[in-house]
Amino acid sequence: MSRRDQEDIRRKQLIDTTIHVMAQVGFNATTLGLIAKHAGVSAGLVAHYFGDKDGLLEATLRSLASRLSRAAAARMRAAKTPRERVQAVVDANLAPEEMDSQTSAVWLAFWGQAIHSDRLKRVQRIYQLRVLSNLRHALRQMTTGEEAERLAVIIAAIIDGLWLRTTLAAAWSPSDSEAARRIAAGFIDTQLPMSFEGPTMSHLPATASAAPPRIANWIGGAYRPNPAAETFATINPATGEVLAEIEIADAAQLEAAIASAKTGQKIWARMTGMERGRVLRRVADLLRANNDDLARLETQDTGKPIQETEVVDVISGADCIEYFAGLAGGITGESVDLGPNAMGYTRREPLGIVAGIGAWNYPIQIACWKSAPALACGNAMIFKPSELTPLTAFKLAEIMTEAGVPDGVFNVLPGDGRTGSLLVTHPAIAKVSLTGSVPTGKKVMAAAAETLKHVTLELGGKSPIIVFADADIESAISGAMLGNFYSAGEVCSNGTRVFVHRSIKDKFISRLLERTAKIKIGDPMDPETQMGALISDAHMRKVLGFIERGVAEGATLLCGGKRVTDGALAQGNFVSPAVFDATGDDFTIVREEIFGPVMTILTFDTEADVVARANDTEFGLGAGVFTQDITRAHRVIAELQAGTCWINTYNITPIELPFGGYKQSGLGRENSRAALDHYSQIKSVYVALAPVESPY
Ligand code: TXE
């Protein structure tokens, strides 16, 4: 068992003991000493884990609220209709385990105390918001937005009222929970249309007949509806269904976000790095706890197969947040010896408000990769997700708030390039970090120059994979397939120019084609599916256009490259994985980023030749080398002009390693300690230890 697991178990034991002690002696008489005594540990150990009594109580209330949230989420997942999901919220809150005498005594003690404690009040507010948000999402599938809002508040109040009446009743028994749930159900049924059949997922329509939900901007820790806002639709690329209508942030929303970010950032930056780290670790834990739901949502929004999103997208985001949570306490300046009469020290300070602008290929991962270092350093972030895939950024925002990130520290302002432009030109924003295409990167950098903002740019690529004659061919083929077909080729660091040594080319190609033919294209929600849909109809046409151009210019299309329209797939943007054999490096498909499932094989004879050709591009994001010769591997990697390189594998991006591009693939680095430099600034302080020497 890892040390972290052991610590988690210890924390849980102490929280369980606190619940037990509070139920027995009440809030005021609960002390660290008493809890330590009941748990059989020293009071110092309790303080080590939770700081002081307030810290322990806050952790205990969070634990109760999270348990309830998880129970509600599980019931909601099992529910098949929106009506059942409303009932799932009611049932979770009025479940016997939330009403027994011990648990209810502790809940009551907390609610009473929340009036006197800002920390407890925050947790209580988040819990209430979560209940409301769950109800609202389900109700919006059944009625108008306004009515859903009204009903959500009423049902939440009924839940609270029934819970209170039942738990305060003289002799409680489990059948009281049943009765309370029946009363709530009866009331809800009088308020709703009876015959509604609809969505199966918490906030997404499953049938075209249900009106898609409308999602407002997330500002200051809550959704801020703006009935006058323009909206855009986000579409499931596998089915063509409208998943949601998203309110576009305008200048007024931006000003509101800036104001809340200013306030939030002050609070956040005043917390110690350790404290920020503790909150961020909770964010990572919540992301993992919600992995399956988030993965489903990501798959619906991006068209990527669930077998990818369940193991990569959310987890990679959580890893990043956990990594920077760990570093937050270690963000320090240094002290400088300046002789006997002076000393110097540096402070590493946040930049203030930073903007994150996301691409559509890894939406939640990008949101995490940008917000984790930004928040660890004490900044506030205003995040603009891509207009094609905005949904999971809102979930990240909800989770941040639930975890205790102060309001305003993470805002979500959706929209297209125009909203992006508003962010990039706003004088109150100190930095912008973009993931996107090279042309957008150039525009963003130019616009940021007006107010001299820091910029981090993660842009496109046309990366080489070099397979030498001595390579393990199966492994090299796996690397090339991963580096071209994962996420249907929509990955910036993909190795789309696969240079294969002439002596092994035929063998490489025949085995590659055999394996490529077996790739299962299909419904992204099917766990068996290995390749899903491309992001949009327009993008699919662009990719098919590149393929046509490859053929027209004389490259040999060895397989795939066709739109797939079997059965229901005709509704989506599916393209079969293509492999080209190209005789030269000047084909358009060899020079331009395609961002689809299109691999091009190029042949080489000598090391010097292949290195020169690999570097002959304006891009420089990634590069891979497959060889058994360790000396050659390092020699070639040292020659390649790329920010992220792999030897005998491809496209693995652990958070501990910097990620970013050379040349036109970008500026700055994400992940690793290196990212801290891009989200903080150094203040130098000179301290005189002797009177000022003055010539006057
Ligand atoms: O990127 P854009 P898109 C590449 C890939 C793809 C192409 C287009 O080749 O086909 O880019 O994708 C916002 N000021 N990559 O259209 O247009 C925009 O709203 C501020 C590589 O998504 O660059 C979105 O949120 N912001 C990439 C983000 O910038 C602006 C991954 C990216 O949009 C803006 C995705 C402006 N003037 C696509 N204009 C990678 N590196 O992984 C647009 N935006």
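Reply: Contact means heavy atoms within 4.5 Å. By that criterion, and leaving aside neighbours within four places in sequence, V283 is in contact with I321, L396, I399, M400, A403 and V405. This is a predicted model, in which local features need pLDDT of at least 70 and side-chain atom pairs count only at pLDDT 80 or more, while totals for chains, interfaces and linings use all residues. Residues are numbered from 1 along each chain as its sequence is written, and side-chain values use heavy atoms, with hydrogens and water left out.

Me: What makes β4 and β5 a pair of strands?

Reply: Strands are DSSP runs of E with at least two residues, numbered from the N terminus. Two strands pair if DSSP finds at least two bridges between them. Strand β4 (residues 231-235) and strand β5 (residues 242-247) have five bridges in the antiparallel sense, and therefore pair. Within this pairing, F232 stands opposite I246.

Me: Why is β4 called an edge strand?

Reply: The open sheet has the order β1-β5-β4, with mixed pairing. The edge strands are β1 (214-215) and β4, each of which pairs on one side only.

Conventions:
Buried means under 20% relative accessible area, exposed over 50%, partly exposed in between (1.4 Å probe, protein chains only). Helices (H or I, at least four residues) and strands (E, at least two) are DSSP runs, numbered from the N terminus.
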